[in-house]
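Visitor: Could you walk me through this fold, one feature at a time?

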Amino acid sequence: MENPKIVFLFKQSAIVTENELFQLAEDSYVNGSPWSIEMYKQELTGTHNEYAIALYEGEKVGFIGYTMLFDEAEITTFGIISAYKNQGIGQLFLRSFIDYLKENEIKTVFLEVREQNKSAIVVYKKIGFETIATRKNYYHDPIENALIMQLSIK
């Protein structure tokens, strides 16, 4: 599903700001950003932390926070702003991201997702992620379990 209006940029930590990430997260999650601006600032200056950005007609509409270490990656945060949800952008972004990881010789990807975030879980499973564990009461506001999901890249 190629769309010339959509562009995905990887390794964008040097040009995206903590304020932009916070606002994207505020607009992406039902309960607002799970992280403060200061937490995004720390993420952007971390050694192994990186961000990918989704652009639609030049506007930032989504992000993926991730770490890569050896042959593993972890998606730490992922969101598409509300106005662009349910249009396939998130799934396309995630598939492009997995291709990027594959090019960088990543073999395994992990993520955590709220147990009640059924729409995200459906997308993750469609891409090939499997639930491998549950973290009880991991999330706050509201308190909720986290599913730990894993994807083996072939």
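Predicted model: local features only at pLDDT ≥ 70, side-chain atom pairs only at ≥ 80, totals over all residues.

Visitor: How many bridges join S2 to S3?

Guide: Strands of a sheet pair through backbone hydrogen bonds, either parallel or antiparallel. Here eight bridges join S2 to S3 (residues 59-69), and the two run antiparallel; pairing requires that DSSP finds at least two bridges between the strands. Isoleucine 53 stands opposite phenylalanine 63 in S3. Strand S1 (residues 6-9) is joined to S2 by four bridges, again antiparallel, with phenylalanine 8 opposite alanine 54. Strands here are DSSP runs of E with at least two residues, helices are runs of H or I with at least four, and both are numbered from the N terminus.

Visitor: Which way do the residues of S2 point?

Guide: In a regular strand the side chains alternate between the two faces of the sheet. Asn49, Tyr51, Ile53 and Leu55 point one way from S2, and Glu50, Ala52, Ala54 and Tyr56 the other way. Eight of the eight residues in S2 (residues 49-56) are buried, that is, under 20% relative accessible area with a 1.4 Å probe, protein chains only.

Visitor: What is the order of the strands in the sheet?

Guide: The open sheet of seven strands has the order S1-S2-S3-S4-S5-S7-S6, with mixed pairing. S1 and S6 (130-139) are the edge strands, each pairing on one side only.

Visitor: And at what angle do H1 and H2 pack?

Guide: Two packed helices are described by the angle between their axes and the distance between the axes. H1 (residues 18-28) and H2 (residues 37-45) pack at about 125°, with axes 8 Å apart. Axes are lines fitted to C-alpha atoms, for helices over the stretch in contact, and angles run from 0 to 180 degrees between N-to-C directions. That makes H1 oblique to H2; angles under 35 degrees count as roughly parallel, over 145 as roughly antiparallel, 65 to 115 as roughly perpendicular and the rest as oblique.

Visitor: Which residues of H1 and H2 meet?

Guide: Glu18, Asn19, Leu21, Phe22 and Ala25 in H1 meet Ile37, Tyr40, Lys41 and Leu44 in H2, where contact means heavy atoms within 4.5 Å.

Note on methods
Residues numbered from 1 in each chain as written. Heavy atoms only, no water. Buried < 20%, exposed > 50% of the residue type's maximum accessible area, 1.4 Å probe, protein only.
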